[in-house]
Amino acid sequence: MLPFKKNLSDFVVCDTLRIEDDLHIGIPYEVTLLFDKKNGDIIPGIGGTPIILYVINTNTERVGQDADTEIIGGMLRRGYAVLVIDYLSEEKACPPALDWSIQNIRRKVMGGDIDGIFTLPDSSYPETFVVPAGYDVSLSMPYWAFDKHGADGILEKITEIWNNDFRGTKGDVLIKWCYADGTLKPLANGLDGTEPMRYRKDGTECENGEYAYIKHTLARDITDCVKPDGSPIDLNLYMHVIYPKSPGKPVPVMCLAGSTEHLASGAATQDRPQLNGAAFRGYACVMIDYGYTPMARADHYGYFDGYPKKGYVTGDNATYSMSFYNDKRIFCAAMRYIRYLALSEPERYVFDTDAIGIYGNSKGSWMTFLGEKEPEKLPSKRMLAGHHDETRFDNGHTEACGTIRGGEEQPWQFFGDLRIKSEAEFIYSSCGGLHDSITDGHSPMFISCNRTDSSCYSTSNTMLAACRAHNVPCMWVDIPLPHTLVYGNDLLFNTDTYSAFFAFTGYYLHHDSPRALCARADISAASFTLKLRFSGGIPESEMAKVKIADKNGNELCGKWRGELGGIDWSFTPSDIAPNTDYILTVPDSILGDNGKALSDKFTYAFSSPAFEKTAVPIEEKASGEFLADVPLNASTEYKYLEFLSEGGCGFAICTEDGQILTRVFTNADGRCLLPLHQLSPLTSGKLLIKPIGDKFDSSSTRYTPCKRAIIEDGKAPDGTPAIVIKGFESVTEHPTEEFYSYPAAAVRLENLLGDTPVSVSDIGRRFNIRFRLYDTSSRYVNLDLSHVTSRENSITDHRRGHMNLITKANEWIEASIDYTVYEPIYTDLSAVTKSMTVSTYGSGNIMNPLYIADVHVTEYIGDAKGLSLSIITDTDKISALPEGKLDIVCEKSPWQK
């Protein structure tokens with residue numbers, strides 16, 4: 001008999017059931033159900049008995065040091081049912097396979113079936129929690145409330161939703177509709193025109209019945225909004241905490257930002273075992289309630305999405321979501337509450353409060369702004385009519401009214417005299433998120449999406465572009481399944497994204513050593529590059545330790561370029577030998593930016609493409625031009641003219657008599673490739689190559705106001721001529737509400753690169769766009785150079801320019817963003833825009849003027865020094881694809897039929 005069975009004999013101990021195959025790893029496990037009968041029966045369903053899957057004897061490090069019997073006994077006394085899942089010390093019972101294995105078992109428990117275990121009645125058990133040995137749980141802890149902490153007008157908004165969208169979609173639900181003293185509440189005609197009736201609880205008609213259909217109700221105020229049994233709706237938001245008991249040191253915290261109407265289910269779906277994985281890796285784990293409209297909660301009426309009738313908020317998140325009006329407050333309060341727990345009960349909640357991460361999917365990923373410093377000071381996304389980001393407390397609604405509590409200050413701001421911070425140290429945004437609050441110093445980010453995931457892919461790519469512009473440590477993966485959390489192999493490196501996620505969080509939250517995760521060689525002769533990805537930031541100085549050599553020890557020379565905080569690195573060789581085997585070696589002496597050495601040496605073998613390279617003789621003329629004899633009398637397919645110079649520059653390719661055929665631009669490393677077929681039908685091989693000395697240099701004053709923006713030519717307060725953004729026209733989009741969405745697009749700076757359409761011959765051109773901003777309030781301003789957008793699929797190219805600036809009231813600041821023309825991924829060059837959208841961020845100060853002055857665009861063009869030409873023939877006949885242009889893959893997971 002196992003110790004926990006002997007020591008817990010006062011409780012119901014069922015015979016241990018041995019199951020030979022967990023159906024994931026292929027190993028046996030044993031399960032025992034414990035429950036204190038003094039607490040009554042095990043209750044199924046939403047709000048029923050919590051069922052703890054207490055997992056023992058795994059091949060993982062035990063973090064919590066309290067005895068299993070002590071922890072389980074405490075759970076039983078609280079009325080929980082405990083399923084002890086014993087993995088029998090199997091060596092294979094370790095992450096990541098363990099994460100998925102226990103999720104499979106959990107799903108069986110939720111359905112009331114563990115391979116025939118007779119102790120659970122045949123029903124559903126959604127209140128399940130995976131708890132490693134040594135861990136305990138604190139469930140349903142209220143951390144924020146709509147009536148105490150919500151935006152002013154939020155209670156009226158909930159009432160409005162009840163009377164419109166809610167009673168339209170949930171109208172056929174019978175509820176108790178009377179006051180506490182038994183007085184019947186008045187009824188109204190349904191939105192569908194039906195006349196009201198009263199009923200008994202069993203649904204039979206009764207003139208004085210206490211029950212009615214929701215469609216015949218009409219709420220006078222928030223106190224009339226009730227659950228089906230007539231009790232008040234719940235205005236609290238909750239969190240569940242899974243934490244180790246008596247760990248040897250403070251542990252990092254991983255939070256799941258819920259996006260489901262039932263809090264526990266966010267971590268319980270078949271394809272989302274990430275919270276299990278965090279727990280088995282030594283994190284404390286937190287599930288955070290999403291700010292649904294209370295009626296949409298699973299323990300009330302369940303999700304609803306608007307009423308299909310003109311004039312209502314049909315299909316808009318604002319129907320079922322109060323997060324639109326409160327999100328900064330909700331998420332910030334959650335972060336503070338976790339820290340408050342650690343400060344107020346340090347022996348119980350032993351958390352590393354400087355290592356809190358949060359992840360979420362879709363609307364659960366709207367917490368991206370938590371990566372900013374002091375995110376609680378950011379304005380809300382939308383305002384309620386007549387209010388400008390005030391709370392009920394701010395506007396003096398501090399008195400209780402029946403079941404409605406008075407407004408209070410935002411919770412958990414202080415512990416004694418210590419101000420508690422609201423930010424998170426790590427953000428994982430999946431299939432959604434916010435890009436407009438990513439600036440220099442933002443917390444590290446992990447981003448995932450699937451390219452078939454419509455507008456979510458656009459949002460994810462915009463966040464990636466912002467991370468690139470601000471050099472935020474960021475790992476981006478293109479997952480094979482749409483609209484879910486990280487799963488499967490990504491489409492660029494073909495590596496396991498689930499493991500990459502935990503390697504990345506391990507570096508930034510668990511203080512692990514960095515790892516070289518994967519490498520990928522682009523083997524086309526036309527665009528050979530080598531990509532290398534790390535789990536944490538690697539300084540540029542450390543990359544000198546990375547060696548690439550053939551079997552004879554001949555090193556490949558070239559240049560490493562890093563981005564995204566030193567996570568991703570690209571190597572461009574200066575002169576690679578054809579058809580040669582190379583080894584990339586990343587030594588374990590490399591140090592991450594956390595000062596720790598690489599956990600393991602990393603090697604990657606690849607072969608250079610088979611190609612032929614023939615030098616092209618060139619003659620430099622006195623005018624500084626070059627004459628080259630290029631062989632064009634044979635097929636030009638799979639042939640390229642390679643330009644090498646000492647730096648970035650441009651050339652006009654002309655016939656011998658000076659007629660321009662095309663132009664080419666070398667990159668920052670001084671290299672470019674011109675497909676020879678672009679010179680067809682030219683048959684003479686004599687080419688005159690003229691360096692482009694006149695770079696694009698232009699001041700621009702052309703602009704187009706965006707929708708609702710009030711724009712004019714004018715002057716800044718100091719007299720500088722400027723484009724003046726005066727504010728926005730207010731548009732009522734709902735009978736009782738004005739929406740102020742932000743960032744509010746204000747102005748498009750048009751045709752920054754001139755009127756000539758961008759063409760293939762412009763690929764490689766590099767520009768700098770700069771201007772000055774004078775703001776009359778401190779806020780975020782977004783610069784979005786939408787390089788490529790496929791509006792039909794709502795997909796944008798992640799390499800476009802996006803930058804976020806924080807202005808200072810009554811001061812000029814400089815804005816500068818670089819732009820490179822390259823072959824787009826999802827469309828042709830005709831879809832490339834050459835305009836920049838300037839947007840303001842915030843509603844409370846959105847009407848304050850902003851001035852744009854001195855818009856100037858300069859091209860990066862260097863001198864044509866050290867020019868050499870070669871003909872490259874790709875003998876493997878591999879067509880060159882632009883970076884990242886891969887076939888769209890949408891796999892099915894094992895549980896999808």
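Predicted model: local features only at pLDDT ≥ 70, side-chain atom pairs only at ≥ 80, totals over all residues.

Me: What is the strand order in the open sheet of four strands, and what is the sense of its pairing?

Reply: In general, the strands of a sheet are paired through backbone hydrogen bonds, in either a parallel or an antiparallel manner. Here the order reads β26-β49-β29-β32, and the pairing is antiparallel. At the edges stand β26 (611-616) and β32 (671-675); each has a single partner strand, so one side of each is left without a neighbour in the sheet. From one strand to the next, the twist averages 25 degrees.

Me: How many bridges pair β29 with β32?

Reply: Strand β29, residues 639-644, pairs with β32 over five bridges in the antiparallel sense.

Me: Is strand β10 mostly covered or mostly uncovered?

Reply: The general idea is that side chains in a regular strand alternate between the two faces of the sheet. Strand β10 spans residues 236-244 and is mostly covered, with nine of its nine residues buried. Asn-236, Tyr-238, His-240, Ile-242 and Pro-244 point one way, while Leu-237, Met-239, Val-241 and Tyr-243 point the other way; all are buried.

Me: Which strands pair with β10?

Reply: One of them is β7 (residues 135-145), which runs antiparallel to β10 and is joined to it by eight bridges. In that pairing, Tyr-135 stands opposite Pro-244. Strand β12 (residues 284-288) also pairs with β10 in the antiparallel sense, over four bridges, and there Ile-242 faces Cys-285.

Me: Which residues of helix α2 are buried?

Reply: Within α2, residues 68-77, the buried ones are Ile-71, Ile-72, Gly-73, Gly-74, Met-75 and Leu-76. Just after this helix, Gly-79 adopts a positive phi of about 95 degrees.

Me: Which residues form the nonpolar patch on the surface?

Reply: The patch consists of Leu-343, Phe-415 and Leu-418, which together have about 230 Å² of accessible area. Leu-418 belongs to strand β15 (residues 418-419).

Me: Why does Leu-418 count as partly exposed?

Reply: Buried requires under 20% relative accessible area and exposed requires over 50%, with partly exposed in between. Leu-418 has 46% relative accessibility and therefore counts as partly exposed.

Terms used:
Residues numbered from 1 in each chain as written. Heavy atoms only, no water. Pairing = 2+ DSSP bridges. Helix = DSSP H or I, 4+ residues; strand = E, 2+ residues; numbered from the N terminus. Axes fitted to C-alpha atoms, helices over the stretch in contact; angles between N-to-C directions. Buried < 20%, exposed > 50% of the residue type's maximum accessible area, 1.4 Å probe, protein only. Patch = residues over 30% accessible without salt bridge, like charges linked within 9 Å, V, L, I, M, F, W, Y side chains within 5 Å. Areas by Shrake-Rupley, 256 points an atom, 1.4 Å probe, with all protein chains shown as cover. Salt bridge = Lys/Arg side-chain N within 4 Å of Asp/Glu carboxyl O.
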